[in-house]
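Me: I am new to this structure and would like to learn how to read its pockets and its ligand site. Could you walk me through them step by step?

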Amino acid sequence: MTPSSYQQPMRGDKSHDRTVSQSVDSNLSSEAATVGQILAKKGGALVSVKPGDTVATAVQVLKEKGIGALLVLDDAGTMQGILSERDIVRKLAETPGQTLPQLVEGLMTRKVVTCTPADPLDTVLKMMNDGRFRHLPVLDGGKLCGMISIGDVVNHRLVQLEWEALQMKQMIVG
Ligand code: AMP
């Protein structure tokens with residue numbers, strides 16, 4: 001299947017008409033793949049809860065947004081932790097029937113590992129694998145600018161592979 005982001009080149013296309021920063025080549029070549037490229041596509045929306053919110057609230061937000069983790073920000077917007085569905089499942093097993101009224105600050109992970117837009121995707125995959133987590137908040141100059149998940153990284157890599165296969169076909173067909 002052709003990736004939706006990929007437009008097959010046509011005979012007569014002028015490669016010099018493409019800008020370097022936005023060309024398919026620069027967006028999909030393996031060596032150029034960074035966190036910033038994923039954020040450029042998905043945007044920097046931050047979905048968060050507050051430390052004093054209940055787990056019931058967090059569960060509702062996770063469901064509505066269809067995501068697996070939430071940033072925990074205080075009133076000043078400072079990151080206090082991260083809460084993932086794993087934390088909630090763990091607490092559900094520990095305190096059956098009593099989890100939803102508990103506060104997010106009692107379940108969240110406080111020591112959060114982060115990345116930057118310049119980080120290569122290989123590096124962030126290793127960070128996720130080593131740390132056994134699937135989410136990484138992104139800091140640009142110390143300021144929160146987005147969140148990426150392992151799904152975002154794998155998806156980007158799949159599109160890259162499809163594009164590379166198409167390029168090889170193109171070379172063979174001419
Ligand atoms: P996840 O695999 O992302 O659902 O999270 C698994 C566990 O790691 C949970 O306890 C999360 O709170 C924690 N966690 C998730 N992301 C991070 C992160 N970037 N830094 C530190 N801990 C995290």
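Me: How much space lies in the second largest pocket?

Reply: Rolling a probe the size of a water molecule over the atoms shows where empty space is left. In this predicted model, the second largest pocket holds about 250 Å³ of space. Its lining is made of 15 residues, and K42, V47, I67, A69 and M147 are the closest to its centre.

Me: Which strands each supply at least two residues of that lining?

Reply: Look at β2 (69-73) and β5 (143-149), each of which supplies at least two residues there. The most comes from β5, with three residues.

Me: And how does the lining of the second largest pocket divide by class?

Reply: Sort the residues into nonpolar, polar and charged, then count. For the second largest pocket that gives eight nonpolar, four polar and three charged residues.

Me: Now for the largest pocket. How much space lies in it, and which residues lie nearest its centre?

Reply: The largest pocket has about 300 Å³ of space. Its lining has 16 residues, with I82, S84, T109, R132 and F133 nearest the centre. The elements that give two or more residues to this lining are β3, α4 and β4. Of the elements, α4 gives the most, namely three residues. By class, the lining of the largest pocket comes to six nonpolar, four polar and six charged residues.

Me: Where does the ligand sit?

Reply: You will find the ligand in the largest pocket. Around the ligand, two or more shell residues come from each of β3 (79-84), α4 (85-94) and β4 (135-140).

Me: How many residues surround the ligand, and which are the closest?

Reply: The ligand is surrounded by 15 residues, and the closest are S84, D87, T109, R134 and H135. Sorted by class, this shell has six nonpolar, three polar and six charged residues.

Me: How much of the ligand does the protein bury?

Reply: Compare the ligand taken alone with the ligand in place. Alone, the ligand exposes 480 Å², and the protein buries 93% of that area.

Notes:
Residues are numbered from 1 along each chain as its sequence is written. This is a predicted model: local features need pLDDT of at least 70, side-chain atom pairs count only at pLDDT 80 or more; totals for chains, interfaces and linings use all residues. Side-chain values use heavy atoms; hydrogens and water are left out. A residue is near a molecule or strand if one of its heavy atoms lies within 4 Å of it. Accessible areas come from the Shrake-Rupley method with a 1.4 Å probe; for residues, only the protein chains shown count as cover. On a 1 Å grid over the protein atoms alone, a cavity is a set of points where a 1.4 Å probe fits but cannot get out, and a pocket is an open set with protein on both sides within 12 Å along at least five of seven lines; lining residues have an atom within 4 Å of a point. A molecule sits in a cavity or pocket if more than half of its atoms lie within 2 Å of its grid points. Helices (H or I, at least four residues) and strands (E, at least two) are DSSP runs, numbered from the N terminus. Ala, Val, Leu, Ile, Met, Phe, Trp, Tyr, Cys and Pro count as nonpolar, Asp, Glu, Lys and Arg as charged, and the others, Gly among them, as polar. Grid points are joined across faces, edges and corners, and a volume is the space filled by probe spheres set on the points.
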